[in-house]
Structures are given as C-alpha cells and as structure tokens.
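Open the model in your viewer and keep the selection tool ready. We will go stop by stop.

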Amino acid sequence: MHLIMILNALAVAWWLRSSWNQRQGNWSLRWQRSLFLFLFPPLLIFMTVIAVLFMGPQGEMGGMYTGSVSYVVALIYVAFFAILCIKLAFQGWQSVESARNCPVVNLGDKRARLLQTGALFAGQIGFWQPELVISQGLLQTLSPDHLESVLAHEQGHHYYKDTFWFFWLGWVRSCTAWLPNTEPLWEELLALRELRADSYAALQVDPLVLAESLLLVVSTSPVLSEICCAALGSSGADRLEQRVEALLAPPEATPEAQLQSWHGFLLAFLPLLTVIFHS
C-alpha cells in the first residue's frame, strides 16, 4: 500500500510538471504559476515519503498489509535529498569564503568586496545576509551613473533575500532534475528574479541607464557559481531582450507574496493524513 502511495505521488508530480508551458502574463501570475509547478511536485513526493517513514515498515492500511520495500525506498529518497543539500551547502560555503578573501572597498555609503578580475561582475554572495561583490573591471568600465544603477539592482536582490531563497530552490532543482521541465522552470524563476530586482532598481535610478548597464554586464561570461549568488547578469543573454523591454515599458507592480497564493501548497500535505488510517 505504501508503495502505491509513492507511485501515485510520482505520477501526480510528473503530470503537473508536464503541464507547464511558457504562458505570457504579468509578473505576479508568471511567478505564482512557475513557483507552484516548481515546488509542489517535490513537496508532494517529500510529504509522501515522510508519511511512509512515520508509519514504519510493518502494519496494515486500507485492508492491505505493508512491507519493508516501500520503507527502504523512502529512506533512500530522504538520504538522497540530504546528501544533495549537504553538497550544495558546502559549495555555497566555498563561494562565501572565496568572497570573504577579497579586499573591502567603499562605494559611497555601501561596502563591497573587490574581485580582482577584468570581467564585468556585480553580485550578492551569501545566504541570509549576503555581501556585495564587485569586480575591478566593472569599476574601471562603468560611469558613476551606470555603477549606481548596478548597485541599485543588487540592493533589490538583498531586499528580497534572493540568495537565501534561491539556495533552497536550487536544492529542489537538484533533487528533481529527473522530472520534466525542471530546467525550463528554473530558468523562468531566475528570469523573474532578475525582473523583480530590475523593477526595484528602476524606482531609484533611470531605467534607461540600468538597461545600458545590463547590456554591458550580460555580454560577459559569469565569473562565479550561481550557488548563493544573485548577480546582474545571472539570467543569461537569452533573457536579455525580455529584461530590457520590461525596463523600457511602463513600470509593473511586483507585489509581495500574499497568503492566498500559498493555499495550493497545503494540498501537498494530504499524504500525512493517511497516517491515521495505518494500524
């Protein structure tokens, strides 16, 4: 019976991920839909596995006896998730330590770590309290106005805690790489993250200047890992046109997450209710 639960969860997760397509819409609708289809399937699988582990390898459920096979499968899933989390956390820690080895520079009222490279790079590196890292090449290339726009964009990443939340989303990405549309959904979330930071910056600086800065920075190759990093050009050149068009268009509101947008995720916890039918 437990094995049937796991197989049902896998089937629902596969079906939901397969239903995704790149529909157009405003920022809020795209974000909510993409985040739901990205997070709900692995959350459903994880809750099913937790329910199986909680019920144990022996007993009866719905008139059917349970065996140890499903329990072993659940243990393997949890071990797999845990190993991936530890691996990503270690890689993130390495990125943070690498950034902390860079000297500190003052940029007006802001402090940043100076990366000794000619590449154009600016990004937030860290977890809950990231640090701004900026390259020597960026300081030498950009004008004061362009540099101000880049710093405003990075302040948007800091405001929304993007490095922290996308570390966990990156973990989900690694755990569900075998599900359909994992990479397209990940790229969509990255693009929406950058659009949100662009929108935040556009309230403080000239959007045209920010678009010009974006054209310069995205044209160079990334110099650091995406793990625990939120950088101006991290969404890639393939999303450049979308971001520039958004900056030149009238500003679009990016509302804070509302409680009702999370109600759908409660359905992923339904497998936990099956525990009461186990004996």
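Predicted model: local features only at pLDDT ≥ 70, side-chain atom pairs only at ≥ 80, totals over all residues.

Residues are numbered from 1 along each chain as its sequence is written, and side-chain values use heavy atoms, leaving out hydrogens and water.

**The sheet**

Strands of a sheet pair through backbone hydrogen bonds, either parallel or antiparallel. Select the open sheet of 5 strands, ordered S3-S4-S6-S5-S7 with mixed pairing. Strands here are DSSP runs of E, at least two residues, and helices are runs of H or I, at least four, numbered from the N terminus. Two strands pair if DSSP finds at least two bridges between them.

Now pick S3 (104-107) and S7 (229-231). They stand at the edges, each with a single partner strand, so one side of each has no neighbour in the sheet. From one strand to the next, the twist averages 35 degrees. Angles run from 0 to 180 degrees between N-to-C directions, with axes fitted to C-alpha atoms, for helices over the stretch in contact (heavy atoms within 4.5 Å).

Next, select S4 (residues 110-115) and S6 (residues 131-135). These strands run parallel, joined by 3 bridges. Find Leu-114: Ile-134 in S6 stands opposite.

**The helix**

Select H5 (residues 144-159). Helix H5 lies across S3, S4, S5 (122-125), S6 and S7, at about 25 degrees to S5.

**The cysteines**

How many disulfides does the structure hold? It holds 0. A disulfide here is a pair of cysteine sulfur atoms within 2.5 Å. Select Cys-85: the closest cysteine sulfur, in Cys-175, is 7.8 Å away, too far for a bond. Cys-85 is buried, at 18% relative accessible area. Cys-102 is buried too, at 11%. Buried means under 20% relative accessible area, exposed over 50%, partly exposed in between (1.4 Å probe, protein chains only).
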